[in-house]
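Please read this briefing alongside the sequence and the 3D view. It goes through a few topics in turn.

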There are 2 protein chains.
Amino acid sequence: MSTPRRVRADARRNSDALLEAATEVFATAGVDAPVRDVAARAGVGVGTVYRHYPKRSDLVAAVFRHQVDACADAAPPLAAAYGPAEALDRWLARFVDFLATKRGLAAALHSGDPAFDALPAYFDARFRPALTTLLDAAVAAGEVRDDVSATDLLHAVAHLCLPADGVGPDHARRMAAVLVDGLRR
Amino acid sequence: MSTPRRVRADARRNSDALLEAATEVFATAGVDAPVRDVAARAGVGVGTVYRHYPKRSDLVAAVFRHQVDACADAAPPLAAAYGPAEALDRWLARFVDFLATKRGLAAALHSGDPAFDALPAYFDARFRPALTTLLDAAVAAGEVRDDVSATDLLHAVAHLCLPADGVGPDHARRMAAVLVDGLRR
DNA sequence: AGTGTTCCGGAAGCACGTTCCGCTTCCGCG
DNA sequence: CGCGGAAGCGGAACGTGCTTCCGGAACACT
């Protein structure tokens, strides 16, 4: 029942290379980029992609989770390096940048593919604690108002970043900045 | 430069049959239904589909425009048959039903396909005049408040109908009804 | 009816996701 | 160090869907 054998070194190396390659390819060519392109970029065959990620959507989901992690993990260092209000400010800016690269992904989330079913919960599980910590600290320091929850704030910013007709990505940044100003007391 | 020849009767018949078949197939199987299914339903070969609609997305766009027309054209009869407030009421209910069938289409609109580029403008060009007429009449009759524009109302209702996690289509209907109640003075 | 044009059907071509299996590489052991 | 077998790899092959192509049928005009 226990692990009878270690994971082979080349397998782990390829898995990591695939995640990195997929991140780059999806960023340049969109989430609809062919699996073969990802395989080529990672320097492996398509069979290897499917060994590690049985479905194309599993690969997309893995990239998404990886980016969620990177964004959520950015919170503690910011909290350590800056005052409560500025840390909150900087993290939200980071969060907006994260959202900015997710235009095509929102559509994928509602595509009904089971691989994406767990993502909204993962999103919440990683971001809510991260933001709650920053927000509580800022509230405790008396630097921001205390009647806005982390959930409220996440949803509000996410909605602000929804693509609307004829507005560029910097519109989202500006509106989010206005929102954050509104938090200050 | 003038029309050298009439359009062939079978060509027009096929074109119409395709639009109708596509409407039905997309309604049953979603906008991602195969082109072959549409061709089969219309009783023609796939070549004929591509003669009339060079790209798959052109067919989708044509169905969309056709439905926009049907909804917008419903306004004048309602205005003639009912009092200003009730006509407005009934037309907005019709509009909500129109939106309810567009879940998959919102994603397609943001897919970057050039065939969809003109659709938002068409949406506005058809719906704004239709709603403006109804709204102006109701305002003139003193039956609804005068500080909400047709554009505001269209956008508000459209946003209410956006799919949110775990809410059904009747949620949209209820929220829209609440909104309309708020219009009454 | 004759004739030149338009239109039709569906097979063929292509792109992409996914599967399959023979070959290679790595790990643990003697 | 060398060996055996399991784990992993590559990429040809398959299924499905969109799009193109062209020989022949259908149509409009005379």
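Where is Asp32(B) found? Asp32(B) sits in the loop between α1 and α2 of chain B. This is a predicted model, in which local features need pLDDT of at least 70 and side-chain atom pairs count only at pLDDT 80 or more, while totals for chains, interfaces and linings use all residues. Residues are numbered from 1 along each chain as its sequence is written, chains are lettered from A and ligands numbered from 1 in the order in which they are written, and side-chain values use heavy atoms, with hydrogens and water left out.

- Asp32(B) has a relative accessibility of 70% and counts as exposed; the term exposed stands for over 50% relative accessible area, buried for under 20%, and partly exposed for values in between, with a 1.4 Å probe and protein chains only.
- Asp32(B) and Gly104(B) are 72 residues apart in sequence, and their C-alpha atoms are 8.5 Å apart in space.

**Chain A as a whole**

- Chain A has 10 helices and zero strands; helices (H or I, at least four residues) and strands (E, at least two) are DSSP runs numbered from the N terminus.
- Along the principal axes, the C-alpha atoms of chain A fill a box of roughly 55 × 45 × 30 Å.
- Chain A has 185 residues, of which 32% count as buried.
- Among the contacts in chain A with a separation of 6 or more, 66% are between residues 24 or more positions apart; a contact means heavy atoms within 4.5 Å.
- Chain A has an accessible surface of about 10,700 Å², and carbon and sulfur atoms account for 55% of this surface; the areas come from the Shrake-Rupley method with a 1.4 Å probe.
- There are 22 positive and 23 negative side chains in chain A, and the centres of the two sets lie 8 Å apart; Lys and Arg count as positive, Asp and Glu as negative, and His and the chain ends are not counted.
- The place of a charge is taken as NZ of Lys, CZ of Arg, CG of Asp or CD of Glu.

**Salt bridges**

- Side chains of opposite charge can pair when their charged atoms come close.
- Over all chains, the structure has 18 salt bridges, each being a side-chain nitrogen of Lys or Arg within 4 Å of a carboxyl oxygen of Asp or Glu.
- In chain A, Arg41(A) and Glu24(A) form a salt bridge with an N to O distance of 2.7 Å.
- Arg41(A) lies in helix α2 (residues 35-42) of chain A and Glu24(A) in helix α1 (residues 9-29) of chain A, so the pair ties together parts 17 residues apart in sequence.
- Arg41(A) is partly exposed at 49% relative accessibility, and Glu24(A) is partly exposed at 29%.
- A network of salt bridges links Asp69(A), Asp73(A) and Arg126(A).
- In chain B, the closest N and O atoms of the salt bridge between Glu24(B) and Arg41(B) are 2.7 Å apart.
- Arg128(B) and Asp124(B) form a salt bridge at 3.0 Å, N to O.
- Both Arg128(B) and Asp124(B) lie in helix α8 (residues 119-140) of chain B, four residues apart, about one turn of the helix.
- Arg128(B) is partly exposed at 36%, and Asp124(B) is partly exposed at 26%.

**Helix α6 of chain B**

- Helix α6 (residues 84-100) of chain B has 17 residues and reaches 24 Å from its first C-alpha to its last, close to the 24 Å expected at 1.5 Å a residue; the expected span is 1.5 Å times one less than the number of residues.
- The buried residues of α6(B) include Trp91(B), Phe95(B) and Phe98(B).
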